Amino acid sequence: MNITPSGLRRRLLLQALALAPALSFAGTAAGPTSNRLVLVILRGGMDGLGAAPVPGDPEFAGARGALAQVTEPLLSLAGPYALHPALAQLHAMYGRGEACVVHATGLPYRERSHFDAQQVLESGGTRPHELSTGWLARALGPAGLKSLALSTAVPLVLRGAAEVDTWAPSVLPEPGADLVARLMRLYVDDPALGTALARAHGLRERTDMSAMTATTGGAGFVLLARRAAEFLAQSQGPQAAVLELGGWDTHANQAAPNGALTQNLRTLDAGLAALREGLMQAPGQGAWARTVVVVASEFGREVQINGTLGTDHGSGGVAFVLGGAVKGGRVLGDWPGLAKAQRFEGRDLRITTDLRAVLKGVLADHLQIASARLEAEVFPDSAAVKPLALLRG
Amino acid sequence: MAMTQDAAAALAAHRFGLGAPNLERIGSEPQAWLLAQVGPADAPWGVNLPTALDGLRLQYAFYRERRTVHKPALASDPKPAEQQFAEHFRATVDADVQSRLLGAVQSPRPFNERLMLFWANHFTVSMAKAQVRGLVGAFEREAIRPHVGGSFEAMLKAAVTHAAMLRYLDNSASAGPNSRLAQRRSRRIATDDLRTPRVTGLNENLAREVLELHTLGVQGGYTQADVTALAAVLTGWRVADPQRLDDQDVSASYFDPSWHEPGSKTVLGKRYAEGPQALDQVLHDLTLHPATAKFVANKLARHFVGDQPPQALVDRLAQSFQRSGGQLPALYQTLVTAPEAWAPQQTKLKTPEEFVISSARLLGLGETLLARTRDGGIAQMGQRVQAAPSPAGWPDSADEWLGPEAMWRRVEWASRLAGRLGSRVDARQLAGSSLGPLLSAASGQQIARAADGPQALTLLLMSPEFQRR
């Protein structure tokens, strides 16, 4: 068989298009919204009372014990609230009116399994494994909006009908177009493999890959945040991006000055600052003004310090909502109190704000997802959960 | 549809094993070939591999050195410390990873080795947590490999009380709130700084994961109170202290009564008396609990048969687990003789580790697999050997591994390997001899029409028939 290079490229394109109808980020003529949403998933259960302490609560110091003592002063917020000193740049955004803290928030799920809680956080259901696709995919797909996962695999929150690409740095050489074309023929009867390959190849053709190097850990998250900003700032870029940061399961010794919690908060803070910087500087400027970033974890941790200077799994925690489009400088949510009788099952921070209220508020006001769809498809059975007003104007 | 003998041999080699360049040695009875492999795992590949005690000694030596030599630099800059730590452990960690991979590549009992990998993932310990570094290989050799062909209960006990697990899930630092130790400590608390852990009570981490991930499963019907009570049962199971490491009779993990919570504990409605024997009794009862049988059955079927395994098969596996009291050979017998396990459609996607191991077996690579990278390049495809991201281990369904980026990395890896070997290998011949009737006519044709040897080999490695099992 004799195939000319150009014929080959055309074939590849046709097959790629057949398998992945929206390989490119080109929008429709009318143009989808230019607003941008970033979801940052903190895996492992971030200690809400560690990230956003509440020194103004009379029970705080007693319940937290050694965890309440920090070497640097807390960064104060309105009312009884504060931020961990490692979140300095987030605190600056709060001061500029670009960031909100939502305290005592959490999911309808109240057991304490990481894996089930993450399933609920990402699927948008009320029980684990009740839904097998992601709430963000269900929100974006029918609206024709596109998304990007900054990871090698697609996280559950983006799995489903929506168009999703993934990106992560690579250090290996790039396979050529001819090989890709042959592989696409090999995958004619295996659409799962074919779609994955077509998307990866499509994304690479649109990006300058020369500056990429593989990184791990904290630096990796900041790099991914920076890349996310670059993709989001493109006029034909995705409307939504998902970043993940793990390592929040701080059962032991969490308050150590260079311990896991502090390091992770520093990394998160640097990543959020990199997002802001990237979206401010980018051409087509002002992308930050059209951006909302939601930072959430699958659950918070027990109020009481445990026996090993850490915290065990809990329920209520904290979420951050930031971005140029956010009406910030506020701490949202009703404070339930930390006294034993005020806790959930006598142990956890009681949830007073359903996290879905935050997510629904952002999807409705920022991405204009109709409320009927939010209640029926995106977060089924959530009619009673009223969207929270988070944006300016 | 009646299956030919060749097709059964190919499925035995790829679905139940770790791949093979040809199917001749499997013989005419693939099921018997698989079941004859079941037993304690092969002796580990390599010599002078570290025991858990060796790993602990290495860790303490590191901390001692860090305290005395490098202290000033460390407080201000954590990075050099991490580097030192990594270098200090590199030889041990590399030897462990090498042993695991080359053992699997060269094993004459690939089904048994697959089972070893399965159980090591079920009872995950991970060097993603620094305090576990140097102990993961020892955990596999001491807690998993001896029990692969034995009883679930014995493996459970060995895994839960192994030093690596006690470290990984924090039990080593969990004390009964009313234990002698906690009482002593509470009298002189609030004097030292935050960096020294002051243990005053329970840590529930191991207890919760024993119930959720090792035995009953999250649907298994336990409560928060059961988690707390099991945590109390587990108090006292600790890792040897530094000063005892050179004692004659020291073991890496042991039961320390002064850390144990006094009094009886009630787990799942049953009372257990104070003392170390309570853990044996709880683990025995957990093994016999119907939820454990269901949980293990589902996981095993999902691993070997399909991301959504047939319920009838899961039910039969659960029955044989329960009827045998968790005797694993009975479970494997049910699996291997189940008609559902031999469906010709290959639906499971290999993990990056399985992909690399099976490629090495296909090409007879042996030690050259690790000539350039410490893990054969598996980490580049999204999986760090012996360093799973969470106690749940690596995911076991295709959509978890099928991101576009992950797919791309496989192509990159395959074409790099093929670039080195492809001109010396006849990929067309190898495709036929390895995959037998599993190789579709279309894939065979694509491989045959490749532009050159390396490209043909890349196509073979990336074919759906080789990516899936």
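Colleague: Which residues does Ala159(B) touch, leaving out those up to four places away in sequence?
Modeller: This is a predicted model. In it, Ala159(B) belongs to helix H8 of chain B, residues 152-160. Setting aside residues up to four places away in sequence, Ala159(B) touches Phe123(B), Ala143(B), Ile144(B) and Met165(B).

Colleague: Is Ala159(B) buried or exposed?
Modeller: The cut-off for buried is 20 or more other C-beta atoms within 10 Å. Ala159(B) has 25 other C-beta atoms within 10 Å, so Ala159(B) is buried.

Colleague: Where is Asp170(B), and is Asp170(B) buried or exposed?
Modeller: Asp170(B) sits in the loop between helix H9 (163-168) and helix H10 (180-187) of chain B. Asp170(B) is not a glycine, yet its phi is positive, about 70 degrees. Most residues other than glycine have a negative phi. With 25 C-beta neighbours inside 10 Å, Asp170(B) counts as buried.

Colleague: And Gln368(A), is that residue buried or exposed?
Modeller: Gln368(A) lies in the loop between helix H11 (355-366) and helix H12 (371-378) of chain A. Its phi is positive too, near 55 degrees, and Gln368(A) is not a glycine. The cut-off for exposed is 12 or fewer C-beta neighbours. Gln368(A) has 12 C-beta neighbours inside 10 Å, so Gln368(A) counts as exposed.

Colleague: How are H15(B) and H16(B) oriented to each other?
Modeller: Helix H15 covers residues 311-323 of chain B, and helix H16 covers residues 328-336. Their axes come within 8 Å and cross at roughly 155 degrees. Angles over 145 count as roughly antiparallel. H15(B) and H16(B) are therefore roughly antiparallel.

Colleague: What is the make-up of the contact of H15(B) with H16(B)?
Modeller: H15(B) passes H16(B) in a right-handed crossing. From H15(B) come Arg316(B), Leu317(B), Ser320(B) and Phe321(B), which meet Ala330(B), Leu331(B), Thr334(B) and Leu335(B) of H16(B). By class, the residues of this contact are five nonpolar, two polar and one charged.

Colleague: How does H12(B) lie relative to H13(B)?
Modeller: Helix H12 (residues 224-234) and helix H13 (residues 277-288) of chain B have axes that come within 8 Å. The axes cross at roughly 135 degrees. That makes H12(B) relative to H13(B) oblique.

Colleague: Which classes of residue make the contact of H12(B) with H13(B)?
Modeller: Leu230(B), Val233(B) and Leu234(B) of H12(B) meet Ala278(B), Leu279(B) and Val282(B) of H13(B). The contact has no polar and no charged residues; its six residues are nonpolar.

Colleague: Which element of chain B gives the largest share of the side that touches chain A?
Modeller: The contact takes 55 residues from chain B and 52 from chain A. Elements that give two or more residues to chain B's side include H11 (205-214), H21 (441-448) and H22 (453-462). That side divides into 25 nonpolar, 17 polar and 13 charged residues. The largest share, 11 residues, comes from H19(B).

Colleague: What do the buried residues of H22(B) pack against in chain A?
Modeller: H22(B) is mostly covered, with nine of its 10 residues buried. Among them are Pro454(B), Leu457(B), Leu461(B) and Met462(B). In chain B, the buried residues of H22(B) pack against H17, H19, H20, H21 and H23. In chain A, their partner is helix H7 (177-186).

Colleague: What share of the residues in chain A is buried?
Modeller: Chain A has 12 helices and 11 strands. Among its contacts between residues at least 6 apart in sequence, 71% join residues at least 24 apart. Of the 393 residues in chain A, the buried share is 58%.

Colleague: How far apart are the centres of the two domains assigned in chain B?
Modeller: The assignment gives domain 1 as 169-185 + 196-287 and domain 2 as 352-467. Taken over C-alpha atoms, their centres are separated by 43 Å.

Colleague: And how far apart are the C-alpha centres of domain 1 and domain 2 of chain A?
Modeller: In chain A, domain 1 is 32-171 + 212-378, and domain 2 is 173-211. Their C-alpha centres lie apart by 32 Å.

Definitions and conventions: Residues are numbered from 1 along each chain as its sequence is written. Chains are lettered from A and ligands numbered from 1 in the order in which they are written. This is a predicted model: local features need pLDDT of at least 70, side-chain atom pairs count only at pLDDT 80 or more; totals for chains, interfaces and linings use all residues. Domain bounds come from an automatic or database domain assignment. Axes are lines fitted to C-alpha atoms, for helices over the stretch in contact, and angles run from 0 to 180 degrees between N-to-C directions. Helices (H or I, at least four residues) and strands (E, at least two) are DSSP runs, numbered from the N terminus. Angles under 35 degrees count as roughly parallel, over 145 as roughly antiparallel, 65 to 115 as roughly perpendicular and the rest as oblique. A crossing is left-handed if the near helix is turned anticlockwise from the far one by less than a right angle, and right-handed if clockwise. Two residues are in contact if their C-beta atoms, placed from the backbone, lie within 7 Å. Ala, Val, Leu, Ile, Met, Phe, Trp, Tyr, Cys and Pro count as nonpolar, Asp, Glu, Lys and Arg as charged, and the others, Gly among them, as polar.
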